[in-house]
Amino acid sequence: MSGMIVGAPTGSAAAAGPDLRVDIAADRLPISEDIYGMNFASEEMAADLRLPVQRWGGNHTTRYNFRYDNTDRASDWYFENIDEPGPAPSTLPDGSTTDRAHEQNVRTGTKTLLSVPLLGWGAKGRDEACGFSVDVTTTGLTLSWPAVAGAADYTVERDGTATGRTAGTTLSVTGLTADTACTSTVRANNAAGDPSPPSRALSVRTKRDDSQPGTGCDAVVRVVDKWPGAFRLDLTVRNTGTEPGTAWTATLTLAAGMSVGQTWNGQATTTGTKVTVKNAPWNDPLIPTATATAGMSVNGDPAGWNPTPTCSLS
């Protein structure tokens, strides 16, 4: 009978690491007390913590106007002038939110770190107005917006094309089709005729003409996110008729080099560059004015891509 002893494998020795040493006698740099600051701390908390620095800034403060003590904010799709709850608006700009924040810091021995708005798109008054508003009919719309200091007149654009120019702050656009979406922007022009950058876009839809019964729908594609090499879109279908639809189908054409990755809230098939999306079992039927949205990830770059989707109800 013979046997064999198997030993553990022999590994290579680890390379020598760096020689680390701590010299406790060497000079050391103190930690700055300013790293222990806070944002919008109450006076009681600042005093209790002996807060070294307090920051007033971030988020909506980038559109703050100290003259009116308000900010132009709300959500991603519109902006509205929202006043700060100051004790004496009639004394502004004295007593503004930033004044009171700094005065609190003086009382508590706290340094002030103040954000200075530089966007140039802030509130122009304490009227709680939106960036600009719109009155819509079946065949037109009337836009209005706050006056801009130094503006000689204004140019209104619809879907990127100039549709009118006025010295006032209101303009009516006519000759539109019922139940049709469009996007409007406004530019302020100086005395030399030089335009400002466009305002934030306002997307509206003309009213439906209920005097024309029947079925119908429209579809809109919106890019909602993008990253290198791909993007995400929403495809929204809307019943524009007066009768419900039991199912919907939408089509769109991809640009060269694009391909569909994933689809949710819909069922997509691709033939060449044509993508056909049908409703999912849970987002039909569509009653009049109702919408359904399918999401899609697409490989490619959406720059310069302006799809015109079509749809049908059954």
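Buried, in these notes, means under 20% relative accessible area. I checked Cys182 against that first: its relative accessible area is 6%, so I put Cys182 down as buried. One reminder to myself before going on: this is a predicted model.

**Cysteines**

I then looked for disulfides and found that the structure holds one. Which residues does the disulfide join? I traced it from Cys217 to Cys311, with 2.2 Å from S to S. Cys217 sits in strand β14 (residues 217-227) and Cys311 in strand β21 (residues 310-313), so the bond ties together parts that are 94 residues apart in sequence. Is Cys217 buried or exposed? I get a relative accessible area of 18% for Cys217, and the limit is under 20%, so Cys217 counts as buried.

**Parallel strands**

Next I went back along the chain to strand β1 (residues 38-39). I see β1 pairing with strand β2 (residues 53-56) in the parallel sense, over two bridges. Opposite Met38 I found Gln54 of β2. How does the chain cross from β1 to β2? I followed the chain through helix α1 (residues 43-49), and this β-α-β crossover is right-handed.

I also noted that β2 pairs with strand β6 (residues 111-114), again in the parallel sense, this time over four bridges. For Val53 I wrote down Lys111 as the bridge partner in β6.

**An open sheet**

Further on I came to an open sheet of four strands. In what order do the strands stand? I read the order as β10-β9-β12-β13, with antiparallel pairing. I marked β10 (161-166) and β13 (202-205) as the edges: each has a single partner strand, so one side of each is left without a neighbour in the sheet.

Strand β12 (residues 181-189) pairs with β13 in the antiparallel sense over four bridges. Ser184 has Leu202 as its bridge partner in β13. A general point I keep in mind while looking at strands is that in a regular one the side chains alternate between the two faces of the sheet.

**Cavity**

The largest cavity holds about 30 Å³ of space. I listed its lining too: among the residues there are Asp69, Glu84, Pro87, Leu92, Arg100 and Arg126.

How values were computed: Residues are numbered from 1 along each chain as its sequence is written. This is a predicted model: local features need pLDDT of at least 70, side-chain atom pairs count only at pLDDT 80 or more; totals for chains, interfaces and linings use all residues. Side-chain values use heavy atoms; hydrogens and water are left out. Two strands pair if DSSP finds at least two bridges between them. A crossover is right-handed if, with the strands pointing away from the viewer, the path from the first strand over the helix to the second runs clockwise. A disulfide is a pair of cysteine sulfur atoms within 2.5 Å. Buried means under 20% relative accessible area, exposed over 50%, partly exposed in between (1.4 Å probe, protein chains only). On a 1 Å grid over the protein atoms alone, a cavity is a set of points where a 1.4 Å probe fits but cannot get out, and a pocket is an open set with protein on both sides within 12 Å along at least five of seven lines; lining residues have an atom within 4 Å of a point. Grid points are joined across faces, edges and corners, and a volume is the space filled by probe spheres set on the points.
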